[in-house]
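Have the coordinates open as you read.

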Amino acid sequence: MLALLMCCAAVQAQTADSVDVLHYSLQLDLSNGKPFRGDALLTVRLLRPCNEIGLNLSGNVDSIKVNNISTSGNNILHIPTAGIAPGDTFTVAIAYRGSGHVESYGFGGFHFDNDMSYNLGAAFGEALHPIGRAVFPCRDNFNDKATYTISVKTKAGWTAECSGMLQSRSVDSDGCEHSVWNISHPVCTYLVGISQADYHRILDTVAGYPLTIGYTTQDSATTCSVYALLDAVVPKFEECFGPYRWGRIGYIGTAMGSMEHVNNIALARPAMASVSQAGQSTIAHELGHAWFGNLVTCEEEGDMWINEGGASFTSEVAREATHGRRASNATYQRDLDNVLRTTHHTDYSYLALHGMPHTYTYGSTTYDKGAMVWHSLRGYLGDSLFYASLRTLMERCAFGNIDAYRLRDSLSRYSGVDLTGFFDFHVFNPGFNNYNVSIGQGEGYQTTNNVSVAISQNSVGTTTLMRHNRVPVTFFGADGRRHKEWFAFAGTDTVIASHMLPFTPAYCVLDLDCELSDAATVDSMRLFGTSGTFPTDMTFFALRAPSPEHITQYYIEHHYAPAFDVDTLAGVLRPARRYWVVRGEHAVNNGVMGRFRFIRDGYMSSEYPYLDEGFYSNSASLDSMALLWRPAAGTAWQVVSAHHVGNRNDGHFTVDNLRTGEYTLAVIDTNILAIGDTPSAPHSAAPTLFPNPVHSGEPIAIDADTDAPFSVTFVDAAGRTAWHRDSCRNGERLSPDLPAGTYTVKIENHSTKQQSKIIIL
């Protein structure tokens with residue numbers, strides 16, 4: 001069978017553009033189980049001169065006729081077309097027997113179980129992922145779309161549920177049902193669903209469309225209640241993606257499930273009658289394929305994220321329709337955290353969405369990160385523009401195919417926004433970007449509504465940085481007022497030196513409304529009239545209020561990226577690959593306790609595996625691990641806690657008097673760093689730079705903690721040396737002519753290494 005599949009793949013590659021199947025007329029006799037008998041009549045158009053074409057079939061051919069003339073031999077890989085001119089339409093009639101082929105993975109193929117027969121159209125483990133060939137002779141690929149007429153004879157006492165619209169149903173004298181189904185819109189072979197069982201049916205309507213639910217083992221009342229979500233979901237999907245094109249919505253319960261066959265969605269039986277969030281998400285995901293995959297299909301398997309990532313994104317839209325945006329955001333953040341922690345392990349590396357290797361076509365990157373990118377594109381464009389562009393795409397590309405490049409260009413044209421930078425980073429490269437935002441020169445001390453905003457960027461799983469950025473920042477006033485703005489910039493980072501807000505900000509929060517699929521999650525906690533310990537859901541952090549009278553609002557960002565500048569701190573032996581930002585209505589010495597969670601890498605009993613991968617793997621290193629803090633970006637890091645609770649595998653570092661600012665974990669040299677230490681010369685004192693910010697080319701005075709000459713190096717956000725001078729002295733005024741941005745200024749001689757940040761306007 002392996003050799004046959006390899007040969008089929010080779011023939012398909014050679015003739016992919018030589019033939020177009022316009023229509024399949026199938027007659028299937030399933031009355032005796034397997035092997036089953038079939039007759040297929042294909043209406044085909046020849047696209048270019050060739051003497052033969054090949055079809056895919058997992059079965060045995062009894063006869064082949066071309067234009068009703070028998071061929072000499074029954075080799076389905078070599079069907080003669082001599083004498084047929086390009087542009088001509090001809091017929092191929094094939095009588096065959098099917099074995100009920102199922103791929104070695106156990107999913108795709110035609111399953112014959114004791115209580116039902118059904119196909120699943122995607123083969124995860126075979127050379128050709130579409131597996132319509134398990135049911136009928138066909139052109140198994142993502143491009144050759146056709147219409148269908150399907151006639152099915154069932155086992156006695158059983159009934160059929162198939163893709164398409166039911167044309168007729170009757171029962172013969174032996175108790176076998178005969179039914180005819182018609183698919184009037186062109187679809188790929190893998191999207192044709194055929195099944196038979198002793199079905200119980202629920203017949204209803206939803207949003208004006210007939211709804212058919214076929215099940216065998218579930219309770220009828222429970223099953224009926226499960227699909228109540230469709231009353232909200234179908235109108236929401238049409239509002240966002242355009243009209244539903246397939247006439248009828250249908251689901252059947254199967255032993256294996258789940259697969260998005262047109263009008264005949266297969267669901268694993270547990271999901272068929274489940275009101276759990278996972279079950280409801282699966283129901284919505286498979287329906288979402290009616291747009292992402294069934295209506296507009298990926299050109300090749302290497303862009304499967306368009307189909308599967310898009311359908312996974314529709315589950316998020318469905319959650320929003322049924323439970324609101326807040327609940328949808330909570331689900332999204334759990335999914336994002338799981339992707340950031342585990343997907344590169346599940347798929348064995350960070351992978352780009354486009355050009356996905358065959359082995360990982362149906363992996364976590366495709367489904368889960370793919371959904372994150374659709375989500376992030378929604379935030380990048382904004383709801384109105386994003387959904388308007390998608391509706392235009394679904395209209396103009398209906399029943400066709402698209403790849404990532406044409407998707408980029410189409411959405412850029414429809415939205416009027418150049419999406420080259422977005423696709424370059426999120427689709428054509430692996431990994432995630434991470435932003436760090438700050439305002440002023442010490443957050444919490446602003447005295448005016450005219451502020452400077454600095455945004456820095458680094459990345460995870462790639463050395464690439466996003467070059468066309470849009471970042472949402474929400475500003476909070478001391479009186480609780482809030483104001484959100486999007487900051488657009490090109491390059492690695494940006495500084496907006498003078499930005500007018502409607503009020504004086506006390507602090508700001510990055511991506512509060514969960515609109516970016518970057519390497520961070522965010523959560524909030526309001527302590528009001530209560531005491532005790534309160535965890536935040538997805539930031540691995542908890543607060544403990546000192547008394548019921550305590551009132552404080554906190555926002556916590558958890559970043560899956562190395563903290564900025566911590567690796568340059570003398571005494572840090574190994575920094576963690578994640579950090580926290582704590583912001584909020586903070587009063588000094590207010591007695592609020594903060595708990596920062598750690599989980600030893602390799603401790604697989606945890607519900608959050610890989611949280612501290614590559615950082616904390618040997619439990620003995622806990623003795624030299626500490627929590628570091630700094631009040632704001634550009635200031636010096638210091639050790640604030642070496643006190644941990646819990647066990648050596650899963651515990652927390654605690655801070656008795658929580659302060660706002662940035663926190664991270666690190667393995668430290670305790671001979672150099674101690675609790676409460678702010679590193680000073682000769683290790684990492686912070687020189688004073690004045691003025692700061694400064695306009696490019698204007699003189700800068702440097703006050704460093706050394707009397708000896710020293711070198712000065714300006715390092716840009718990408719880690720490159722932008723300017724250097726030797727033999728400088730304290731008080732000397734330097735005038736580097738540099739592009740606007742945030743720079744690390746390094747001071748170094750035989751006795752000291754110091755650094756600080758400067759903003760150049």
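## Helix 5 against helix 6

In this predicted model, Q277, S281, A284, H285 and G288 of helix 5 touch E308, A311, S312, T314, S315, A318 and R319 of helix 6 (contact means heavy atoms within 4.5 Å). Sorted by class, that contact comes to 3 nonpolar, 7 polar and 2 charged residues. For the bookkeeping, Ala, Val, Leu, Ile, Met, Phe, Trp, Tyr, Cys and Pro count as nonpolar, Asp, Glu, Lys and Arg as charged, and the others, Gly among them, as polar.

Helix 6 spans residues 304-323, and the two helices pack at an angle of about 125 degrees with their axes 8 Å apart. Axes are lines fitted to C-alpha atoms, for helices over the stretch in contact, and angles run from 0 to 180 degrees between N-to-C directions. Helix 5 and helix 6 are therefore oblique to each other; under 35 degrees would be roughly parallel, over 145 roughly antiparallel, 65 to 115 roughly perpendicular, and the rest is oblique. The crossing of helix 5 and helix 6 is right-handed, that is, the near helix is turned clockwise from the far one by less than a right angle.

## The sheet and its helix

Strand 15 and strand 16 (residues 209-215) run antiparallel and are joined by 7 bridges; T205, for instance, has P210 in strand 16 as its bridge partner.

## Helix 9 against helix 10

Helix 9 (residues 383-396) packs on helix 10 (residues 404-415) at about 120 degrees, with the axes 9 Å apart. That angle makes helix 9 oblique to helix 10. Their crossing is right-handed. Helix 9 brings L385, S389, L390, T392, L393 and R396 to the contact, and helix 10 brings L407, S410, L411, Y414 and S415. By class, there are 6 nonpolar, 4 polar and 1 charged residues in this contact.

Helices (H or I, at least four residues) and strands (E, at least two) are DSSP runs numbered from the N terminus. Residues are numbered from 1 along each chain as its sequence is written, and side-chain values use heavy atoms, with hydrogens and water left out. Because the model is predicted, local features need pLDDT of at least 70 and side-chain atom pairs count only at pLDDT 80 or more, while totals for chains, interfaces and linings use all residues.

How values were computed:
Pairing = 2+ DSSP bridges.
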